[in-house]
Amino acid sequence: MKKFLILGIIIALISIALAAESIKIFMVPKFTGAPYFVATEKGAKAAVEELKALGLPIDFYYTGSSVANTEEEIRIISNLLEQNPDALIVSANDEDALVPVLKKAKQKGIVVVTYDADVSDPTARDYFVNQASFDAIGAVLIDLVAENVGPEAKIAIVSADPNAANQNRWIEAMKKRMKEKYPKMELLTIKYGYDRPAESFQAAQDIINAYYPNLDAIIAPTSVAFPMVAEAVLKAGLKGKIYITGLATPNDMRKYVKDGVVKHVVLWNPVDLGYLAVYVANAAVRGMINEVDGTEYVCGGKLGLYKVYEELEGKKSVVLLGPPFIFDINNIDQFNF
Amino acid sequence: MRVFRKEFVLLLVLILVFVIMSFLSKEFLRVSNLLEALRYAVEMGIMTIPMTMIIVTGGIDLSVASNLALSSILMGIIWKYVGINIWIAGIMASILGAGAGALNGVLITKLNIPPIVVTLATMAAYRGIATGLSRGRGITGFPESFQNFGQGSLGGLVPYSIFIWIIIAIIGHIILSKSKFGRYVFAIGHNEVGALYSTVPVARVKFILYTLSGLMAGLSGMIYSARIGASKSNAFMGGELEVITAVVLGGTSITGGEGNILGSTLGVLIITFLKNGLNLARIPHSIQSVIVGIVLVIAIVSYTKLGTRAFKEGK
Amino acid sequence: MKLGREFTLLLVLVVLATFVQIVHPGFLSFRTIHVILENSAVMLLSAIGTTLVIISGQIDLSIGSVLAVCAITSAQLALHNVPLVLLFLWSIGLGAGLGAINGLVTVLFKVPAMIVTLAAMAIWRGFILWWTGGYWVTDLPDYWKALGSTKILNFTLPIWIAFSIGVLTIFLVRKIRFFRHVYAVGSNRKAAKLLGISEGKVTFLVLTLNGALAGFSALLSASRFFIIPSNIGTGLELSAIAATVIGGTNIMGGKGKIEGTILGVLLMTTISSSLVFLHIESVWDNAFKGMIILLAIISDVLRARRKSEARL
């Protein structure tokens with residue numbers, strides 16, 4: 001079955017390449033002022049180059065608000081709709097607020113692909129390129145705590161904004177994992193650092209002061225809070241006494257991993273994420289997503305063939321990049337993002 | 001003797017923006033683009049109207065965006081958990097917003113606490129309460145008709161919400177420039193003590209202004225929720241500074257005594273179309289902030305050069 | 001009863017701390033107190049600068065963005081192993097320069113500083129976001145944190161530096177003529193002019209000083225971390241104004257004490273840290289902070305009223 005599928009895609013590719021005209025794709029991250037999204041841009045641009053070489057040219061433009069601001073993101077996307085792109089790739093600052101403007105895009109016949117952060121209404125977009133399933137991320141984080149501090153650990157979480165949809169879902173997944181596998185693990189508190197360094201740092205310090213020594217681990221599922229929690233633990237002189245893990249890029253965490261205050265960093269490859277998103281958008285526009293036995297498949301370039309989940313964790317039409325990846329002292333130098 | 005009025009300068013700037021932006025991108029001058037860009041300026045536009053009057057009296061209201069967020073959440077809660085019709089819930093929430101504004105007003109007039117201090121505190125408090133009540137989740141699922149009001153357009157072209165803005169702007173303009181209330185506002189701005197002794201009901205005027213500001217913030221909250229299809233506590237973050245920027249850009253003097261609705265509205269239009277054109281011209285957002293800042297400084301400086309006002313007492 | 005306002009603040013601070021300690025014994029541990037002192041220290045100098053600007057009758061909204069520019073550029077220099085002393089000179093100098101620009105525009109064009117700095121806030125933040133291209137400064141060298149690692153009597157250097165400067169400022173404000181001019185200009189511009197005080201010079205200098213203090217704060221704050229995200233300093237100006245106002249400074253100008261601001265900063269940091277100990281659900285954190293600021297402001301006015309009524 002798979003052989004026919006791959007053959008089909010290759011034929012489609014060749015025939016389209018022979019007659020391919022340039023398509024316009026806009027990519028809008030949550031905001032541009034973070035290395036994580038810079039990495040997604042890098043991957044996206046690499047995909048654009050590859051596709052160009054394959055005879056599938058793309059007029060590609062990456063832009064977004066420089067700071068995380070839902071209103072700005074909506075305005076920018078709305079403005080860009082006037083330029084009639086063929087596809088929009090969006091990481092949504094707010095899962096609800098972005099719905100109407102993306103629906104407008106779809107009404108104009110634009111292919112809408114969300115990546116990194118989805119919107120709550122699946123009819124507002126065609127595909128969601130998810131970095132890793134929410135359950136998988138929650139499970140990996142909690143499992144790491146259990147493996148390193150024991151299944152009865154007392155943990156705290158430092159999150160971003162209380163409105164942050166991804167973080168909230170990951171926290172739900174963590175709670176689920178705890179209930180299912182480690183019922184004796186206890187979540188002491190969740191504090192919100194609003195992705196600001198000073199606030200996240202103080203949140204971590206306050207947690208440590210309030211709970212230690214009845215605190216075994218802190219999880220920070222956001223790239224500003226994670227290093228700040230590490231800083232707080234370092235400052236309190238509790239390296240090795242409190243286990244820290246969370247989501248952030250290896251570049252941001254390298255110093256802390258090398259130091260030893262952080263042993264494991266969980267993430268995925270944002271370069272690949274941006275890369276895959278472009279391939280999915282390109283395929284959707286050019287009709288290169290093939291259906292076999294009721295399931296859609298899309299070619300993810302160098303990354304291989306991807307199945308499109310009709311439904312995954314309550315979300316429709318999901319392309320899953322892969323499982324979460326754990327960075328540690330042994331492999332962290334291999335990555336540059 | 002020709003008197004250069006600020007509004008002429010603003011109009012020229014707006015025209016200049018249009019000219020430059022139309023060169024930078026071919027989509028800018030499309031009617032669909034211009035009208036759609038205005039949709040996203042409605043809430044800001046509505047809130048500049050009471051803000052203009054407040055700044056004319058020498059005051060300020062930093063709590064407008066937070067009030068908008070709180071009203072949005074309250075509307076959502078009233079609709080979803082009390083089961084009241086969304087339109088009525090919106091009106092109720094707007095009235096609650098007016099109440100929040102009235103609280104500002106009471107603290108300012110009865111306790112004589114400076115407006116910037118009161119509204120700085122309520123700015124934090126109101127949004128904080130909105131976050132607590134909503135627990136960081138949005139309330140969604142509003143009826144089609146309500147969402148259509150915020151997202152749809154008349155004849156597929158003119159966003160419905162723009163009409164509300166226009167009506168409020170006209171009413172605001174009439175109040176400020178043609179009514180006795182408006183004269184009171186200016187009197188307070190020129191010389192509050194003098195106004196007090198000339199039987200201007202200073203406290204009552206101010207109280208009304210801050211209540212109105214709250215009402216408009218509540219109304220904007222309703223429009224905002226209709227536009228994005230959700231009630232959220234993070235609505236319009238940083239919006240208060242955007243509103244103030246537009247009002248000041250529009251020629252209203254921060255020290256009081258001078259300003260008008262037309263100017264503020266032009267201020268909103270300039271910022272909106274400037275950003276809109278720069279987006280289409282693919283200028284990065286960070287540079288856009290720099291440009292808006294520079295435009296603001298140039299405008300402010302030119303106002304003082306043009307100004308016919310004598311040297312005023314500072315704040 | 002010359003100490004009225006500051007005494008009340010101190011009282012509130014003590015009562016709050018005691019209350020939290022009762023609810024959650026362990027609040028008043030050395031570690032917590034140190035955290036509160038250090039987090040206050042990094043904000044303190046900016047708050048003092050803000051106080052002086054407000055006393056002079058102006059408002060500076062740009063210090064958050066100035067801090068970001070100073071912190072990030074200093075950190076970038078640190079990646080090239082520029083010595084810490086030079087980094088301080090750079091940060092303070094750059095801050096002073098940006099403050100001076102605010103001052104120049106304000107004075108030369110006779111426009112209110114609030115608007116100039118409103119624009120500056122957008123300009124400098126936009127600039128630094130463009131300058132960094134989205135990247136954060138990471139992998140800072142170990143010497144970058146030297147300040148925070150050095151302790152005197154178990155308190156880290158930033159605490160000593162900031163509070164010493166704070167205390168010094170309290171005395172300087174009473175002794176140095178410049179500061180008397182700041183008060184004069186803020187309380188009665190015309191009278192000050194008649195006395196031969198150049199309002200322009202005072203305004204320019206106080207805005208420059210505020211920038212320099214922001215630059216100083218930038219390093220005190222940023223040198224705690226090996227990583228500097230580009231949104232550092234966001235919201236600083238409003239926190240500084242809140243601390244100033246809670247500390248008793250009159251927003252209209254002409255009146256205010258550095259002592260009050262120091263206590264205001266301490267109170268705000270203490271409130272912030274105490275929320276975890278009080279087991280308040282974090283979604284309500286900001287609501288609490290806002291309502292407490294509101295209460296502080298209201299009670300201050302009521303207290304002043306009662307005092308003036310008592311005098312009658």
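**Where chains C and B meet**

A: This is a predicted model. In it, 41 residues of chain C are in contact with 45 residues of chain B.

Q: What area do chain C and chain B bury between them?
A: About 3,600 Å². Of that, 82% lies on carbon and sulfur atoms.

Q: And how many salt bridges cross the interface of chain C and chain B?
A: The rule finds one. B:R135 pairs with C:E281, with the closest N and O atoms 2.2 Å apart. Three residue pairs are in polar contact across the interface of chain C and chain B, both residues being at pLDDT 80 or more.

Q: Which elements give two or more residues to the side of chain C that touches chain B?
A: α5 (113–132), α9 (189–194), α11 (236–246) and α13 (285–311) of chain C. The residues on that side of chain C divide into 31 nonpolar, four polar and six charged.

Q: Switching to chain A. What domains does the assignment give?
A: Domain 1 covers 2–131 + 269–322, and domain 2 covers 134–267. Their centres, taken over C-alpha atoms, are 31 Å apart.

Q: How many residues of each domain of chain A are in contact?
A: Twelve from domain 1 and nine from domain 2. The two domains of chain A bury about 900 Å² between them, 51% of it on carbon and sulfur atoms. A:Y36, A:E95 and A:E313 supply 41% of the area that domain 1 buries against domain 2, more than any other three residues.

Q: Which residue forms a salt bridge with A:E95?
A: A:R169, with the closest N and O atoms 3.5 Å apart. The count between domain 1 and domain 2 of chain A is one salt bridge.

How values were computed
Residues are numbered from 1 along each chain as its sequence is written. Chains are lettered from A and ligands numbered from 1 in the order in which they are written. This is a predicted model: local features need pLDDT of at least 70, side-chain atom pairs count only at pLDDT 80 or more; totals for chains, interfaces and linings use all residues. Side-chain values use heavy atoms; hydrogens and water are left out. Contact means heavy atoms within 4.5 Å. Buried area is the accessible area (1.4 Å probe) that two parts lose on being put together, summed over both. A salt bridge is a side-chain nitrogen of Lys or Arg within 4 Å of a carboxyl oxygen of Asp or Glu. A polar contact is a pair of N or O atoms within 3.5 Å; within protein, one must be able to donate a hydrogen and the other to accept it, and residues adjacent in sequence count only if both atoms are side-chain atoms. Helices (H or I, at least four residues) and strands (E, at least two) are DSSP runs, numbered from the N terminus. Ala, Val, Leu, Ile, Met, Phe, Trp, Tyr, Cys and Pro count as nonpolar, Asp, Glu, Lys and Arg as charged, and the others, Gly among them, as polar. Domain bounds come from an automatic or database domain assignment.
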